[in-house]
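Subject: Structure for you to look at

Hi,

Here is the structure I promised to pass on.

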Amino acid sequence: MESDQLRIGTAEREEAARLLADHFGMGRITPDEYETRVTDAYAATTLGDLRPLFRDLPPPHPGFFGPPPSYAQQTVQMPMPYAPPPPMPYAPVPYSYRSKTVAGVLQIVLPFGAGRFYTGQVGLGLLQLFVVLVTGIGILWPIIDGIMLLRDGGLDSQGRPLRP
């Protein structure tokens, strides 16, 4: 049986995916090529399925491919500086169960930090209440904050975006 017909296991697939990530981190393949090649690596069943994934890439290649051909010149690889890992897939942030509309209207109608108390930001609400009670003119801060909440939204006390 030829070596290209030998079946591979999970360890070989994972080594191939890790080396493809290294090539991606070095800028040798584009994100689309990386995604396609990694998908093909995890779908591979034989050694022959993995060889084309590295045919146009310089070393490092998976160790289970065997020794390099005798005519290939050995090169010394210098350690590369830290390369960031490939981008993670997009994961949406869950919305808060509180509404930006309610928070904004509370800030405008009850301008002493009521909207911030509603969003769970008690510290900011107390600060607005204190500024309004002490200065009087500080009433503008909660009103402007309410307008900004209506326009841009904001975050609740757990850092989740307010529901539209």
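Below is what I found in it, going from the overall make-up to single residues.

A word on the source first: this is a predicted model, so local features need pLDDT of at least 70 and side-chain atom pairs count only at pLDDT 80 or more, while totals for chains, interfaces and linings use all residues. Residues are numbered from 1 along each chain as its sequence is written, and side-chain values use heavy atoms, with hydrogens and water left out.

The protein has seven helices and zero strands (helices are DSSP runs of H or I with at least four residues, strands are E runs of at least two, and both are numbered from the N terminus). Of its 164 residues, 29% are buried, where buried means under 20% relative accessible area, exposed over 50% and partly exposed in between, with a 1.4 Å probe and protein chains only. Among contacts (heavy atoms within 4.5 Å) with a separation of 6 or more, 60% are between residues 24 or more positions apart.

Now to the helix packing around α7. Helix α4 (residues 100–109) packs against helix α7 (residues 140–152) with the axes 7 Å apart and at an angle of about 160 degrees. Axes here are lines fitted to C-alpha atoms, for helices over the stretch in contact, and angles run from 0 to 180 degrees between N-to-C directions. That makes α4 roughly antiparallel to α7 (under 35 degrees is roughly parallel, over 145 roughly antiparallel, 65 to 115 roughly perpendicular and the rest oblique). On the α4 side the contact includes K100, V105 and I108, and on the α7 side it includes I143, L149 and R151. The residues of this contact split into eight nonpolar, four polar and three charged; Ala, Val, Leu, Ile, Met, Phe, Trp, Tyr, Cys and Pro count as nonpolar, Asp, Glu, Lys and Arg as charged, and the others, Gly among them, as polar.

Helix α6 (residues 122–135) also packs on α7: their axes come within 8 Å and cross at roughly 140 degrees. That makes α6 oblique to α7. L124, L127, Q128, V131 and V132 of α6 meet W141, P142 and D145 of α7, a set with six nonpolar residues, one polar and one charged.

Buried or exposed: which is Q128? Q128 counts as buried, at 0% relative accessibility. Leaving out residues up to four places away in sequence, Q128 touches Q107, F112, G113, R116, W141, P142 and D145.

Over at the other end of the chain, there is one aromatic pair (rings of Phe, Tyr and Trp, the last by its six-membered ring, pair if their centres lie within 6.5 Å; planes under 30 degrees apart are stacked, over 60 edge-to-face and the rest tilted). The rings of F24 and Y34 have centres 4.8 Å apart and planes at 25 degrees, so the pair is stacked. F24 lies in helix α1 (residues 10–25) and Y34 in helix α2 (residues 31–43), so the pair links parts 10 residues apart in sequence. F24 is buried at 15% relative accessible area, and Y34 is buried at 18%.

One more for the backbone: P59 and P60 are joined by a cis peptide bond, with omega about 15 degrees. P60 sits in the loop between α3 (47–54) and α4.

Cheers
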